[in-house]
Amino acid sequence: MKIDLTETNSSKINSALVQARRDIGTPAIGMVLTLVIVTDEENAYDALKSANDASHEHPSRIVVVIRRVSRSPRSRRDARLDAEVRVGTDSGTGETVVLRLHGELVNHAESVVLPLLLPDAPVVVWWPQDAPTDVAGDPLGALGQRRITDTYACEDPIGALGNRAAAYAPGDTDLSWTRITPWRSMLAAALDQQALSVTSATVEGEDDNPSCELLGMWLADRLQVPVTRALSRGPGLTAVRLETKDGDIVLDRADGSLATLCMPGQPDRAVALKRRETAELLAEELRRLDPDNTYESSLKFGVARLNVAQAGDASAKADPVPAEPMPKPKPAAADADTKPKPDSPRPAKKTPSK
């Protein structure tokens, strides 16, 4: 069921939601969260489709905020709100409100969204494309317990990672980090099977791919070893090599769907490691609403290295050879907690020099 409202306000939208639920015979609200999508007209369809697919796992009220560009000085002065209310089969398993903001109202989107949030339910804000530099400080971002961005969709993905690290606040996350969850799980499980000391690592993937950079940061942060970033034609992340004194652990995915895991003393194994759709990534992020400390640690670890890498971008693209190894981090203070973190691969053991 769809209801179109022109030159409306938040009160009329709430009344339309109640009336629509009564008309289809479901007056009760059975949704677990409010998902606010901040996008533009061009990308609204794809973002809403992904959110509707994710709502089969997380029934939610989806509020889509579309800021319309005003073409004349008069239209920029006038504030107008148009809305579209969808319930039932037109809105997945929840309900959807599409807001189109015109004129001065574009700068005050939070005042329109706030009355539409579900009471006593968590709020997640998602920017499918370009997000503000400080998402937690953004008026819409401040409404959410979780804030989801996607640096892969930015014009400068690596630069966007630096911005995310500089302005990080608990609750921030990025779909480029979500994309490497299967890789991190597979590598952690491989190191749990064999007590091997990793001496260095190599991450291979497309140039300017933030997921490759994040995986390299994670390995360097957790294993405390130098990591080399090598370039390939993709698609996406293609291979990870962990070097040990007993042989290399290699996870190689050349075709974007099926990977091969090679471990010392064991036969090669084929593992499913397909590139996932946005709806699957979004559903994974909606499963947890607490801060992701592992993402924070990995993101902040790589800021200095990313800045150094950007200075040599031109030579790296002209001659696609592996970048310089990531420098080893400074040793922790004597009273620091040096125990390995529970969700990470086993840290490398130091071997005495001859």
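In this predicted model, Tyr168, Trp177 and Tyr295 come together as one aromatic cluster. The structure contains two aromatic pairs, and the pair of Trp177 and Tyr295 counts as tilted because the ring planes stand at 55°, with the ring centres 5.5 Å apart.

**Aromatic residues**

- Elsewhere, Arg184 is placed over the face of Trp218, at 5.8 Å from the centre of the ring.

**Nonpolar cores**

- The largest nonpolar core comprises 35 residues, of which Leu187, Leu214, Leu215, Leu219, Leu242, Ile249 and Leu251 touch the most other members.
- Two or more residues of this core come from each of the helices α5 (157-166), α7 (181-193), α8 (210-223) and α10, and from each of the strands β9 (198-205), β11 (237-244), β12 (247-252) and β13 (258-262).
- Among these elements, α8 gives the most to the core, with eight residues.
- Leu219 touches Leu187, Ala201, Val203, Gln224, Val227, Val240 and Leu242, when residues up to four places away in sequence are not counted.
- In soluble globular proteins, nonpolar side chains tend to be buried together.

**Packing of α8 and α10**

- The helices α8 and α10 pack at an angle of about 100°, and their axes are 8 Å apart.
- The angle makes α8 roughly perpendicular to α10, because values from 65 to 115 degrees fall in that class.
- On the α8 side the contact is made by Leu214, Met217, Trp218, Ala220, Asp221 and Arg222, which meet Thr294, Tyr295, Ser297, Ser298, Leu299 and Phe301 of α10.
- Tyr295, one of the α10 residues that meet α8, is also a member of the aromatic cluster with Tyr168 and Trp177.

**Gly159**

- Gly159 lies in helix α5 and counts as buried because its relative accessibility of 16% is under the 20% limit.
- Although Gly159 and Asp208 are separated by 49 residues in sequence, their C-alpha atoms are 9.4 Å apart in space.

Definitions and conventions: Residues are numbered from 1 along each chain as its sequence is written. This is a predicted model: local features need pLDDT of at least 70, side-chain atom pairs count only at pLDDT 80 or more; totals for chains, interfaces and linings use all residues. Side-chain values use heavy atoms; hydrogens and water are left out. Rings of Phe, Tyr and Trp (its six-membered ring) pair if their centres lie within 6.5 Å; planes under 30 degrees apart count as stacked, over 60 as edge-to-face and the rest as tilted. A charge sits over a ring if NZ of Lys or CZ of Arg is within 6 Å of the ring centre and within 35 degrees of the ring normal. A nonpolar core is a set of buried Ala, Val, Leu, Ile, Met, Phe, Trp, Tyr and Cys residues joined through side-chain atoms within 4.5 Å. Buried means under 20% relative accessible area, exposed over 50%, partly exposed in between (1.4 Å probe, protein chains only). Helices (H or I, at least four residues) and strands (E, at least two) are DSSP runs, numbered from the N terminus. Contact means heavy atoms within 4.5 Å. Axes are lines fitted to C-alpha atoms, for helices over the stretch in contact, and angles run from 0 to 180 degrees between N-to-C directions. Angles under 35 degrees count as roughly parallel, over 145 as roughly antiparallel, 65 to 115 as roughly perpendicular and the rest as oblique.
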